[in-house]
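Subject: Structure handover

Hello,

Here is the structure I said I would pass on. Please open it before reading further.

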Amino acid sequence: MHENMKIILEKIKEYDKIIIFRHFRPDGDAIGSTKGFATLLRNTYPEKKIYLQNNDFSQYLAFLGGEDELLPDEEYADALGIVLDTATQKRISNQKFSLCKELVKIDHHIPVESYATYEWVEEHRSSTCEMVAAFYEAFQDELKMSKEAATYIYTGMVTDSGRFRFREVSGETMRLAGLILDQGIDTENIYANLYLEDVESLRFESYVHRKMKISESGVVSMFVTKKMKKKFNLSNEDASACVSFMDSIKGSLIWIAFIEGDNGEIRVRLRSRFVTVSELAERYHGGGHACAAGATVYSKAEAKALLAEADALLREYKEKNEGWL
Ligand code: AMP
């Protein structure tokens with residue numbers, strides 16, 4: 001057991017008010033871990049005030065339900081803040097986290113920045129939800145799980161591990177997933193919510209397959225312009241999902257989506273198998289995991305420069321390594 005888990009439980013017991021935060025542009029793990037953790041704490045300590053305080057929303061994950069209305073600033077001062085799934089302060093959705101009396105961080109990203117008094121960071125974990133499940137397992141005598149909490153936690157475990165496919169998935173991941181599954185959750189419903197698409201996004205997918213570019217060494221990329229978003233009636237979230245349309249092409253070990261924003265910024269989503277792309281992302285105002293990272297560029301020229309670096313990275317990887325696919 002990580003040394004800070006016990007301290008975090010003690011801190012939770014100490015406070016009457018707990019405010020839970022996550023990163024902006026939430027994914028299944030950000031929503032799942034925060035809602036899962038909040039529900040676990042609400043089940044266990046009904047007398048405590050537990051709030052989810054975040055500023056943005058994911059349409060894709062709307063099936064998991066909403067969060068709490070924003071509290072006035074003065075409510076933060078006597079609260080314990082718990083930030084889940086967020087490596088750096090600037091990525092926290094609600095910047096009022098800093099008003100909390102004390103702060104806890106629970107995360108599985110590469111630890112680039114320390115910002116909380118009590119930190120439990122394990123980058124080998126496949127998801128923050130796996131850590132929430134591990135927290136429950138460690139303190140089962142104290143904590144009360146429920147079908148609702150398990151649904152949130154399982155959704156994050158499934159999505160952030162690429163459906164239990166990524167290299168971080170361990171025997172421990174599967175044992176913890178088993179523990180969560182044993183709560184009797186409706187996996188058919190979860191998967192239907194995760195997979196079903198409307199026809200428009202399916203059409204966008206085939207458009208991406210036609211328009212994506214493949215570099216000399218095999219980097220696949222797609223640049224989604226504002227015009228395309230309008231044509232296919234895509235939200236930024238829908239447009240950003242296109243990175244996963246390029247994930248299974250033989251020899252293309254790196255794939256990248258560029259999504260043009262409204263303010264001159266271009267969001268970059270980098271994905272890979274075998275090759276590490278997080279260092280490349282870090283050179284372009286970003287970061288993340290070895291094989292799933294994000295960055296921002298501010299012009300098409302900068303996007304081109306990033307692509308050229310990705311092409312060189314993949315060429316070098318292919319020259320020096322064998323057994324890749
Ligand atoms: P995304 O493509 O936005 O889903 O990001 C993939 C992973 O990289 C996620 O775990 C993010 O938390 C992380 N990430 C994305 N953008 C950044 C950034 N600008 N700085 C640090 N980490 C990032």
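Predicted model: local features only at pLDDT ≥ 70, side-chain atom pairs only at ≥ 80, totals over all residues.

The protein chain contains eleven helices and eleven strands. Its radius of gyration is 20 Å, and a compact globule of 325 residues would have one near 20 Å, so the two agree. Of the 325 residues, 51% are buried, meaning under 20% relative accessible area. The accessible surface of the chain is about 15,400 Å², and carbon and sulfur atoms account for 50% of that. If you take the contacts between residues at least 6 apart in sequence, 64% of them join residues at least 24 apart.

Now the ligand. It is surrounded by 13 residues, and the closest are R91, H109, R267, R269 and R271. Sorted by class, this shell has four charged, seven polar and two nonpolar residues. Three strands each supply at least two residues of the shell: β9 (266–272), β10 (287–288) and β11 (292–297).

- R267: an N or O atom of its side chain is 2.7 Å from a ligand oxygen.
- R271: the distance from a polar side-chain atom to a ligand oxygen is 3.0 Å.
- H289: the corresponding distance is 3.3 Å.

Taken alone, the ligand would expose 470 Å², and the protein buries 87% of that.

Regards

Note on methods: Residues numbered from 1 in each chain as written. Heavy atoms only, no water. Near = heavy atom within 4 Å. Polar contact = N/O pair within 3.5 Å; in protein donor to acceptor, adjacent residues only side chain to side chain. Areas by Shrake-Rupley, 256 points an atom, 1.4 Å probe, with all protein chains shown as cover. Helix = DSSP H or I, 4+ residues; strand = E, 2+ residues; numbered from the N terminus. Nonpolar A, V, L, I, M, F, W, Y, C, P; charged D, E, K, R; others polar. Rg over C-alpha atoms; globule rule 2.2 N^0.38 Å. Buried < 20%, exposed > 50% of the residue type's maximum accessible area, 1.4 Å probe, protein only. Contact = heavy atoms within 4.5 Å.
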